[in-house]
Structure formats: structure tokens, C-alpha cells
Amino acid sequence: MLKLSNFPIIEIDDQLYLREQKYADAENFFNYISKYEVRKYILSNIPTNLNEAKDEIIYWIDLFYRQTGIYWAITLKKTEQMIGSIGFHDLNYYNNRAEISYDLDQKYWGKGIMSKVMQQILKYGFEVMGIERIQASTVKENNLSIKILARNGFKLDGTLRHYRLHNGKYYDIEMYSKLRNDL
């Protein structure tokens, strides 16, 4: 698997592109991630104020520089506004695998944006980075995420019972994967 030295910018279409997240994105990120529908299946701490959102953005930026992941801002070309994010984390160089995660401002749901973005990220991960297996984990009840994964050729590997503990409750997680030769 290739270790990247420069953060790649990926053109999606005439309205969207993917770029490195910026500290200045924190307000847009906080505004959309604070909405219940966006955050309800995210089993990690959600920022409760702008400073925490800034810390979260810094965490995702640092993944690239620590070579443990790469996380893009989904950006409107016209305004430079971050409307979501997508990327790989938990890069495992020995086994050539990574986990994909994503989120999107609810205002942009149902427009095919995430599927379009995911197609480009999968292509980049397999063809440029040389990843063999891209996996995604989601709460069993997250039907929208499961539909996006299915549309993009992910297969269900199985259920990880009581795999994540969040706010005192254990959650079953569905693990999905797509292999390079599944293209």
C-alpha cells in the first residue's frame, strides 16, 4: 500500500471536489454534525461546541500526517463550503486494508452525492493507494448507510455482536467490505 506524501485533491464533478480539511471548516462541520439525524448512528463523541469541532477537525487532519488515514472534506466548488467528509482510517499497511467512514450535511441527502463521492474514493483507494480491502462498519439500524454501501458494491461480512460501547450501551455492528478485485 502506497504512503502518500502530498494530500490529493479529487475532482468529483462541476459542483463538488474533495480537499484536505481545514481548521476554518469547523463551523460548517459543527453545524451539520450537531443535527440529530446526521449524528444518531455515529458511535463516538460528537462535538458539543465549536472548540470541540475544531479539535475534531485537527484529529482528522493529523491522520494524514501520521500516515494512519486520509480524510477529505466534501466541498462545494462555488463557496468552498464543507458539506461532509469521507476518508480512510485505521490504515493497515501490512494487510493492505483500511476502513472507510463518511458523513454528509442532511440538506444534501438524497441527491446522490455520497454515492458519487464514494465511487471516486474507492477508485482512488484501490488504484492509487493499492488498498486490497476497504471495509465499513455501521450500526445495524443505519439503513441509509447500508444502502450506500450496497450501491457501491460492498458485501456484508457479518455482525460483530456488542462490538462498540457508546454512552453505556453495547451496539451490534455490521461489517461490510469491498475487495480490489470486486471492481
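**Close-ups of charged side chains in a predicted model**

View 1. Glu-80 has a relative accessible area of 35%, which puts it in the partly exposed class. Keep in mind that this is a predicted model. Glu-80 pairs up with Lys-22 in a salt bridge, with 3.8 Å between the closest N and O atoms. Glu-80 sits in the loop between strand 3 and strand 4, while Lys-22 is in the loop between strand 2 and helix 1 (26–33), so this pair ties together parts that are 58 residues apart in sequence. Lys-22 is partly exposed too, at 41% relative accessible area.

**View 2. Arg-19 meets Glu-80.** Here the closest N and O atoms of the salt bridge are 3.5 Å apart. Arg-19 belongs to strand 2 (residues 16–20) and Glu-80 to the loop between strand 3 and strand 4, so the pair links distant parts of the chain, 61 residues apart. Is Arg-19 buried or exposed? Arg-19 counts as buried because its relative accessibility is 4%, and the cut-off for buried is under 20%.

**View 3. Glu-11 and Lys-77 across the chain.** These two side chains form a salt bridge, N to O, at 2.6 Å. Glu-11 is in strand 1 (residues 10–11), whereas Lys-77 is in the loop between strand 3 (70–76) and strand 4 (82–92); the two are 66 residues apart and link distant parts of the chain. How accessible is Glu-11? Glu-11 comes out partly exposed, with a relative accessible area of 49%. Lys-77 counts as partly exposed as well, at 29% relative accessibility.

View 4. The pattern along the sequence reads β-β-α-α-α-β-β-β-α-β-α-β-β, giving 5 helices and 8 strands. The radius of gyration is 16 Å, close to the 16 Å from the globule rule for 183 residues, so the chain is as compact as a globular protein of that length. Its C-alpha atoms fill a box of roughly 40 × 35 × 35 Å along the principal axes. Of the 183 residues, 47% count as buried. Take the contacts between residues at least 6 apart in sequence, and 63% of them join residues at least 24 apart.

**View 5. Charge bookkeeping.** Opposite charges on side chains can pair when the charged atoms come close. How many salt bridges does the count give? The tally is 8.

Definitions and conventions. Residues are numbered from 1 along each chain as its sequence is written. This is a predicted model: local features need pLDDT of at least 70, side-chain atom pairs count only at pLDDT 80 or more; totals for chains, interfaces and linings use all residues. Side-chain values use heavy atoms; hydrogens and water are left out. Helices (H or I, at least four residues) and strands (E, at least two) are DSSP runs, numbered from the N terminus. The radius of gyration is taken over C-alpha atoms; the globule rule is 2.2 Å times the number of residues to the power 0.38. Buried means under 20% relative accessible area, exposed over 50%, partly exposed in between (1.4 Å probe, protein chains only). Contact means heavy atoms within 4.5 Å. A salt bridge is a side-chain nitrogen of Lys or Arg within 4 Å of a carboxyl oxygen of Asp or Glu.
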